[in-house]
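Please view the sequence and the structure together.

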Amino acid sequence: MARGVTTKRPTRSERRRVFFLLVPQVHVLDLAGPMQVFYEANGFGAAYEIHTCSETPTLKTRQGLTLAGLEPLSEIGKADTVLVPGLASTLLRGLKVPARWLQSVEPVGGSLGSICSGAFLLGHAGLLDRRQCTTHWKV
């Protein structure tokens, strides 16, 4: 075992929930890459519960992979993080965004973030008003 790495497992109350909000045509890489980071951090003693949630229990990614068993949008708590992976840039106009659910995160002390074009979902929900934001050059 590497020096400085602990093997103590966090208790349930020490665990932090990370929710990936998935929408149809999400990019697999924008989901899998960040998800892998939290998964690997758990191997080094971190305490993340990884959740994939959506307004539908099943959806297709832009790359044609079907994702099933997705959790419904649930109540967010103070220590929770919501991440929004990117999706096909051709779909950014007219997005159906769970705005109320996204807007519920910050008032309870949760954290919000996005990967690549996922920032547009935050923008459509009004969460980037009067804020600077950077995303992919293509969008």
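Phe38 counts as buried because its relative accessibility is 17%; buried means under 20% relative accessible area, exposed over 50%, and partly exposed in between, with a 1.4 Å probe and protein chains only. The model is predicted, so local features need pLDDT of at least 70 and side-chain atom pairs count only at pLDDT 80 or more, while totals for chains, interfaces and linings use all residues. Residues are numbered from 1 along each chain as its sequence is written, and side-chain values use heavy atoms, leaving out hydrogens and water.

A search of the whole structure finds two aromatic pairs. Rings of Phe, Tyr and Trp (its six-membered ring) pair if their centres lie within 6.5 Å; planes under 30 degrees apart count as stacked, over 60 as edge-to-face and the rest as tilted.

| Pair | Centre distance | Plane angle | Type |
|---|---|---|---|
| Phe20 and Phe38 | 6.3 Å | 75 degrees | edge-to-face |
| Phe38 and Tyr48 | 4.8 Å | 75 degrees | edge-to-face |

Phe38 lies in helix α1 and Tyr48 in strand β2, ten residues apart. Phe20, in strand β1, is 18 residues from Phe38. Helices (H or I, at least four residues) and strands (E, at least two) are DSSP runs, numbered from the N terminus. Phe20 is buried at 0% relative accessibility, whereas Tyr48 is partly exposed at 24%. Phe20, Phe38 and Tyr48 form one aromatic cluster.

The sheet is open and has four strands in the order β2-β1-β5-β6, with parallel pairing. Strands pair if DSSP finds at least two bridges between them. At the edges are β2 (48-53) and β6 (111-114), each pairing on one side only. Strand β1 (residues 16-21) is joined to β2 by six bridges, and Leu21 has Cys53 as its bridge partner in β2. Helix α1 (residues 28-43) packs on the sheet and touches β1, β2 and β5 (81-84); contact means heavy atoms within 4.5 Å.

The largest nonpolar core has 18 residues, and Val82, Trp101, Leu102 and Leu121 have the most contacts inside it. Such a core is a set of buried Ala, Val, Leu, Ile, Met, Phe, Trp, Tyr and Cys residues joined through side-chain atoms within 4.5 Å. At least two residues of this core come from each of β1, β5, α2 (99-103) and α3 (119-124). Apart from this core lies another, of eleven residues, including Val18, Phe20, Leu59 and Leu70.

How values were computed. Axes are lines fitted to C-alpha atoms, for helices over the stretch in contact, and angles run from 0 to 180 degrees between N-to-C directions.
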